[in-house]
Amino acid sequence: MALFEGRLPVTANVLAHHHAARCAACRTLLVTLAHGDALPSELAPGALAPLEGGRRCARRSSVQGATWTPPEVLDGFRLERLLGRGGMGAVYLARDASVDRRVALKVCVALQPDAGTLASFATEARAISRIQHPNVVTMYRAGEVDGRPYLVYEYVDGKSLAELRPPLPWQRVLDIAVGLAAGLRAAHQGGVLHRDLKPGNAILSPDGTVKLIDFGLATFVGGAGTAPRGVREVVGTPRYMAPEVRMGESATPRSDLHALGLLLFELCTGRLPPARRGACAALLTERLPGIDPGFAAVIACCLAEDPLERFAQADVLCAVLEHVRRLVAFQRTSSVFPTSWTGPGFRQVSSPPPLF
Ligand SMILES: Nc1ncnc2c1ncn2[C@@H]1O[C@H](COP(=O)(O)OP(=O)(O)OP(=O)(O)O)[C@@H](O)[C@H]1O
């Protein structure tokens, strides 16, 4: 369980995953745990919560134990309340007095920040500054106080997807999917792989906008605008890791898409998908009568065990999801009209929107 709770030192962590790549028994155990199904009895029940179970692998757990308490005013930002705590630091709602606006300030609160934590802050700042998109949180500033890095973000007034209670209506999940896929597309086009997409790392505003946060485990690949190449490192939250990444393969845009598929399946059903991925689309249509079969197929495609069977890139996924959403909206609209309105005399209403 130390592995799943992120308590192993990085080297031991990597060794454990390398071992699992060669040992069928350990691999089965890891996969079972990551899916949260049929946990062996010797493992504590509830170790994997319905959402957000498991901890990231290659992240330092420096926030556990004694922590540093930031002052009320940090570098001109008045801290108002704690929004959340994670593997790297604490996030506060704060006020930027200079421009009188609310911000989310993430600060390293480890008593003695280790090199890994400092590197994570630096990575997060560099990754986020490469992406400007409405579905990715905006960073205003990166700074440091007494050797402690902090990052200042736009404050997203909403709930993280981990705070929602799935199952959610699939139509709502479809809207969330379109936003998250667009955020991932922007990241990938900027040469950034998120590598830790999970419900806790996306915030949904009351107006329905969803934003990706927490790029602390991101990595940089390719040049801006080029297709990112894979990156070899076991990084992420085991529960949301793509099978090939869990086995030590390179992270790629397709492994981010796999995490998105897991998240969407979970939001739709309240559970992670079965290990036998071939059955995902059928399972979704069976469990959620009325789900658009195209949407179920998109989720299943993201979840393919073989990365080559997934969407090749986030922009393809975006185009398909947007098309599915238009079709769903079209079907909804046409179903409320009397049939005489949707007959041959009303061609604009009765012809589905083109794909491109
Ligand atoms: N821009 C923001 N606006 C509002 N709330 C935020 C913002 N950024 C982060 N939060 C809140 O703070 C929590 C922790 O943020 P974040 O995931 O970035 O920190 P972390 O230390 O990397 O955590 P973890 O290790 O769990 O991923 C989030 O789950 C969210 O509730």
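Two strands count as paired here if DSSP finds at least two bridges between them. I also keep in mind that helices (H or I, at least four residues) and strands (E, at least two) are DSSP runs, numbered from the N terminus.

**Entry 1: ground rules**

I am working on a predicted model, in which local features need pLDDT of at least 70 and side-chain atom pairs count only at pLDDT 80 or more, while totals for chains, interfaces and linings use all residues. Residues are numbered from 1 along each chain as its sequence is written, and side-chain values use heavy atoms, with hydrogens and water left out.

**Entry 2: the whole chain**

I looked up the overall make-up and found 11 helices and 13 strands in the protein chain. Of the 356 residues, 50% are buried; buried means under 20% relative accessible area, exposed over 50%, and partly exposed in between (1.4 Å probe, protein chains only). The accessible surface comes to about 16200 Å², and carbon and sulfur atoms hold 55% of that. Those areas come from the Shrake-Rupley method with a 1.4 Å probe; for residues, only the protein chains shown count as cover. Among contacts with a separation of 6 or more, 62% link residues 24 or more positions apart, where contact means heavy atoms within 4.5 Å.

I followed the chain through two hairpins. Strand 2 (residues 77-85) and strand 3 run antiparallel and are joined by seven bridges. They form a hairpin with four residues between them, and Phe77 stands opposite Asp96 in strand 3.

Seven bridges also join strand 3 to strand 4, again antiparallel. Here Asp96 stands opposite Arg101 in strand 4. This hairpin too has four residues between its strands, and Asp100 in the turn has a positive phi of about 50°. Strand 3 (residues 90-96) is mostly covered, with five of its seven residues buried.

**Entry 3: Lys106**

Which residue does the UniProt annotation "binding site" cover? The unreviewed entry puts it on Lys106; such annotations may be inferred rather than shown by experiment, with positions given in the numbering used here and feature names shortened. I placed Lys106 in strand 4 (residues 101-107). Is Lys106 buried or exposed? It is buried, because its relative accessible area is 9%. Leaving out residues up to four places away in sequence, Lys106 touches Met88, Ala90, Val91, Phe121, Glu124, Pro149, Tyr150, Leu151, Tyr153 and Asp214.

Next I traced an open sheet of three strands in the order 7-9-10, with antiparallel pairing. Its edge strands are strand 7 (159-160) and strand 10 (210-212), each pairing on one side only. Strand 9 (residues 202-204) pairs with strand 10 over three bridges, and Ala202 stands opposite Leu212.

Helix 4 (residues 170-189) lies across strand 9 and strand 10, at about 35° to strand 10. For that angle, axes are lines fitted to C-alpha atoms, for helices over the stretch in contact, and angles run from 0 to 180 degrees between N-to-C directions. Helix 4 is largely enclosed by the rest of the structure, because 15 of its 20 residues are buried. Gly191, with a positive phi near 80°, follows helix 4.

Most residues other than glycine have a negative phi, and most peptide bonds are trans. I therefore noted the exceptions to that rule. The bond from Pro166 to Pro167 is cis, with omega near 5°, and Pro167 lies in the loop between strand 7 and helix 4.

Arg195 has a positive phi of about 70° and sits in the loop between strand 8 (192-193) and strand 9. Arg195 is buried, at 13% relative accessible area.

Asp214, one of the residues touching Lys106, has a positive phi of about 60°. I found Asp214 in the loop between strand 10 and strand 11 (219-220), and at 10% relative accessibility Asp214 counts as buried.
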